[in-house]
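Keep the sequence and the model side by side.

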Amino acid sequence: MENMFILFLMIASACAISWPSGRYSIPKPKTGCPSGWAEGWRYQDNEDSNNINSVTPSIGHHFFGTFNRNTIMCYCTKTSHSGSGSWPSGNYCIARYGGSCPSGFSTGFIYWDDEDNANANSKWGVLPDGVYDRNTKIQYCCRSDGSAYISMKRPTYQPFYLYKYTSTCQRVRGMSVREESIKMDDEDDRNNSSEGGHHPRKTDTTVVHYCYYS
């Protein structure tokens, strides 16, 4: 009976933790978005010639979307300011929404020069701050004011993604974490892809790194 009571308290404590106040966006996992959040997707027309798109791990990733020669990336966006407290210190990124970052974060962007020939970029729903035309520019909020090894509290009732920043994936109390990545092959001819400010970890020109929590 005592063990059941302790288990009940642990479950109640986990459920009592809500997402921080403010507006922001995170990638959508296969299990879906938090209740009440808005959804949206961005279709990026990637390089047609010798396309080298990839997802790591190729078998067993948890992104909700389509990852073939072109990419459909889906997002979950918290559009209201309500919530519990603020984001804690650590080393991680979220996507920006509503024109500014929550307190403690610094902003930056990643710009993809998408396919020039017969470009078919499109979008739907609510997306992170950015520019979504023939090319794609997404704004982010990042912080590195604490150790990624010090676990922060987040809701644990369903899986979610954060973006990897300058160190290992941020630890979250009560959840396991694994790194995953998406490579979107951008335009080969007169490429103008770029990044600036504070943005998620990006390697090999077009690989963005994510942290999956479950």
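Why does Glu-179 count as partly exposed? Its relative accessibility is 37%, and partly exposed is the class between buried (under 20% relative accessible area) and exposed (over 50%), with a 1.4 Å probe and protein chains only. Two points on method come next. This is a predicted model, where local features need pLDDT of at least 70, side-chain atom pairs count only at pLDDT 80 or more, and totals for chains, interfaces and linings use all residues. Residues are numbered from 1 along each chain as its sequence is written, and side-chain values use heavy atoms, leaving out hydrogens and water.

Glu-179 has a partner. It forms a salt bridge with Lys-164, at 2.8 Å from N to O; the term means a side-chain nitrogen of Lys or Arg within 4 Å of a carboxyl oxygen of Asp or Glu. Glu-179 sits in strand β12 (residues 177–183), and Lys-164 in the loop between β11 (160–163) and β12, 15 residues apart. Strands here are DSSP runs of E with at least two residues; helices are runs of H or I with at least four; both are numbered from the N terminus. Lys-164 is buried, at 11%.

The whole structure has eight salt bridges. Another one joins Asp-129 to Arg-96, with the closest N and O atoms 2.8 Å apart. Asp-129 lies in the loop between β8 (122–125) and β9 (130–132), Arg-96 in strand β6 (residues 91–96), 33 residues apart. Both residues are buried. Arg-178 and Glu-180 also pair, at 3.4 Å. Arg-178 is partly exposed at 35%, whereas Glu-180 is buried at 1%.

Now the cysteines. The structure holds four disulfides, each a pair of cysteine sulfur atoms within 2.5 Å. One joins Cys-33 and Cys-76, sulfurs 2.0 Å apart. Cys-33 lies in the loop between β1 (24–27) and β2 (38–44) and Cys-76 in strand β5 (residues 71–78), so this link ties parts 43 residues apart in sequence. Another joins Cys-93 to Cys-142. That link is right-handed, with 110° about the S-S bond. Cys-169 bonds to Cys-211; the torsion is about -90°, so this disulfide is left-handed. In sequence order, the bonded cysteines pair 1-2, 3-6, 4-5, 7-8.

Cys-74 is buried, at 7%.
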